[in-house]
Amino acid sequence: MIHDVNVKRNKVLKMFASIKDTVSQESIKESGLIGTISKLRSSSFRIALVAPFSAGKSTFVNALIGTDLLSMNVLAETAAITRLKYGTEKRVVVTYRDGKRESFPKSPLKQVTDREMKEFLKSKTTVTRDDSNISKGPRVEEIVESVDVHWDLDICKGGVEIVDTPGLFARHSEHDQITNKVLPTVNAVLFIIEPDNVGDSNFLNVIAEYVENAKNSNLDTEGNHIFFIINKIDQFTEEQVLHAREELYRVVSPLLSHPQILAVSSYFALKARMYDNGQLSLNELKRDQHISFVDEEGFVVSGRQITENDIKTIHTISRMNVIEQELSAFFENKISRMVNESIDALRALCEREIKDSIELAQLMQKKISQKEGEYDKKLEALRNDFQQLTKQLKREVERSATATLVGTSTGKSEIEEVIDMVKKVTTAKLVHEIRKELTETWEEKKDQLTEENSDQILDQFVEKLLLKLGARKKALIRTSFRSLEIKYEAFTEELLEKFSRFEDNVNQTFSKQLDLPMLQKQMAFFQKDQLLSDVRSDIESLFEMTSYDVSSQLKDRMKLMMELSTYQVNASGFFNRLKAIFGKAEKVNVFDLEGFKESMTDLVSELIANAEEELRIDSNGISLEINKRIIAVNDKYQTHIFERIEHYQSWRERNITNLIDELKGEKGKALELLSERERVSQTLERLLRKLDHLYEVEFVEKGGTVHAV
């Protein structure tokens, strides 16, 4: 899927290997490159597929991977998280809730067919909606934690994972909960929808809440990680698909600045790819009654009329390549940031080593022109001055870190104050929002309320309440972490100013003591992206989703209200009036709809009040949890800052020591050393040019091979 950026990533990794062979291990360690390259090498990207039941999610997955792997049975319903990963050997690994694991096949040496793999996978990941076919015993969602499918899939090369989640609007409440827990852990979310669903008003109302949940499950404030896939377009007219797109856009555009809505025929894509892979013959394709399309001349093509030349048309109609291109562009943008961060770190190391060589050459020339031992004394004095400057920097950084990250015995840290302020301001805003939105929702629902639809109306309202409450909690968490990111960034900028002044003082001291031109700064040790990289990763890992449960007693209370709203009156008719004289009139039940609406409104008001209180209580809990967890982030960040200072100090002192040792040698040996340094500098300059080229390079694929242009 991300061939282009993976080529670029691999080139960066090769250059890192070249640099490791050229410069010392101490320099590599001090540069911080090892951690940066390690993250680049192990980077992965996860795509979550989310869909209502019967929207064709399994067919979409099968189309992506080009084979009939996941069950497409209309009665099948995904019940467990299923992750598709790249692997040269096909196997399925099941992780159970009790911690046990099961592999299929049990031995890599055992040969099993794809059909056997599919049947095993189905038994571990799906339930059936036909209750008569549900087997006795524990349900899948009760015993299975997750299922990993390792398959030789081109789309998953380069660290891409496809996460198939239980469907939305599922009959099992656990399915929605499982899906909501997955959303904060993925890089992209694909909502798969069929055009018929978009025409349903309740679907549109509820899907908006799911989209808001998905948006709040990611630190990307624009929601650029969310894609909408209108599926099954082969079964609908262009006008119907366009109408569905417009309706969907109308609903989600208030939530997302640029909704990404794509259309696809998963079924056409799957069949065409299975034909390309040799899994389906042309005759089998002809006999498929679902493959029918209109050619360029307006004639319907199906059955025996389908030829090999039509395969390309089927691919085009499916539009699967458009979706893959959009996803590729999204992930390439994500990984390019990591690639460019690695390039920056590699360039900084090369430049530093080259500057070292220039500095050494200048010192050699000074040494040769001065008396024996005079320059050695200057270097010793310089070492003492440098140590004093470093101690002063550490004291300044420690004071700033204490105020910002740790706090004092008399007050909170600036980080804690940020979290408290977010809780205070954002919680009040969110409580106001949830009351306003839920009250408006109930006023709309109340007008539709009857004795017959009360169950459905209450279910819809409670579902919306749960989704809105979950979204508001996630919004609080996201706002907290976004505010923390801003604070860490501002603190890092403050540190960079201190480091910059420190380097100016160091370079002035070096130039003055050694009678050299003003040295250039070595800010490679104190790069903003490198300092913030771990903090960003830690913040993302702490970004968690919360959930909320409503008591099942609601239904019982509603039934009681219905009973209280029902009373008996005498039936109409002359004879019944006569019977009434003797107290034997027939009675009929009368339902007081207005009274019932008032009772239901009281219940809803109580629910809204409970939701507000839940949000306030949870906001305190969320803040406490963030404060507790952020301690580890702060400790790690402080350690990282002082490591950078120690590495800078180690580099400078090592250079001074080496210079003292090298300058004690004979003139001939000094010249040999300079010659070797010159050779290394030339090698590093060539690598620098290659790294600069990587910033601009683009890649195209020709004949199955990727070439740089």
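**Notes on the predicted model**

1. K232 is buried, with a relative accessible area of 18%. The cut-off for buried is under 20%. This is a predicted model. The backbone at K232 deserves a look: phi is positive, about 60°, although the residue is not a glycine. K232 sits in the loop between strand 10 (226-230) and helix 10 (238-252).

2. R319 also has a positive phi of about 60°, and it is not a glycine either. Most residues other than glycine have a negative phi, and most peptide bonds are trans. R319 falls in the loop between helix 13 (311-318) and helix 14 (320-369). With a relative accessible area of 35%, R319 is partly exposed.

3. Check the peptide bond between F104 and P105. It is cis, with omega about 0°. P105 belongs to the loop between strand 5 (101-104) and helix 5 (114-125).

4. Strand 3 (residues 81-86) holds R83. R83 counts as buried, at 18% relative accessibility. Leaving out residues up to four places away in sequence, R83 touches R46, S146, V147, D148, V149, E161, I162 and V163. The C-alpha atoms of R83 and T165 are 8.8 Å apart, although 82 residues separate the two along the chain.

5. The whole structure has 23 salt bridges. One of them pairs the side chains of K85 and D148, at 3.7 Å from N to O. This pair links distant parts of the chain: K85 is in strand 3 and D148 in strand 7 (residues 144-151), 63 residues apart. D148 counts as buried, at 6% relative accessibility.

6. E437 and K468 form another salt bridge, 2.6 Å from N to O. E437 is in helix 16 (residues 414-446) and K468 in helix 17 (residues 454-514), so the pair ties together parts 31 residues apart in sequence. K468 is buried, with a relative accessible area of 6%. E437 is partly exposed, with 24%.

7. The salt bridge between E613 and R616 has its closest N and O atoms 3.8 Å apart. Both residues lie in helix 21; they are 3 residues apart, so about one helical turn separates them. An α-helix has 3.6 residues a turn, so residues three or four places apart point the same way. E613 counts as partly exposed, at 40% relative accessibility. R616 does too, at 38%. Elsewhere, salt bridges with shared partners join E212, K429, E433, E437, K468 and R472 into one network.

8. L607 is another residue of helix 21 (residues 593-663). L607 counts as buried, at 9% relative accessibility.

9. Helix 11 (residues 266-276) is largely enclosed by the rest of the structure, because 10 of its 11 residues are buried. The buried residues are S266, Y267, F268, A269, L270, K271, A272, R273, M274 and Y275. G278 follows helix 11, and its phi is positive, near 80°.

10. On the surface, K11, K14, R686, R689 and K690 gather in a patch of positive charge. Helix 1 (3-20) and helix 22 (667-696) are the elements that give two or more residues to this patch. Helix 22 gives the most, with 3 residues. R686 lies in helix 22. At 43% relative accessibility, R686 counts as partly exposed.

Notes:
Residues are numbered from 1 along each chain as its sequence is written. This is a predicted model: local features need pLDDT of at least 70, side-chain atom pairs count only at pLDDT 80 or more; totals for chains, interfaces and linings use all residues. Side-chain values use heavy atoms; hydrogens and water are left out. Patches are made of residues with over 30% relative accessible area and no salt bridge: like charges are joined within 9 Å, nonpolar side chains (Val, Leu, Ile, Met, Phe, Trp, Tyr) within 5 Å. Accessible areas come from the Shrake-Rupley method with a 1.4 Å probe; for residues, only the protein chains shown count as cover. A salt bridge is a side-chain nitrogen of Lys or Arg within 4 Å of a carboxyl oxygen of Asp or Glu. Lys and Arg count as positive and Asp and Glu as negative; His and the chain ends are not counted. The place of a charge is taken as NZ of Lys, CZ of Arg, CG of Asp or CD of Glu. Helices (H or I, at least four residues) and strands (E, at least two) are DSSP runs, numbered from the N terminus. Buried means under 20% relative accessible area, exposed over 50%, partly exposed in between (1.4 Å probe, protein chains only). Contact means heavy atoms within 4.5 Å.
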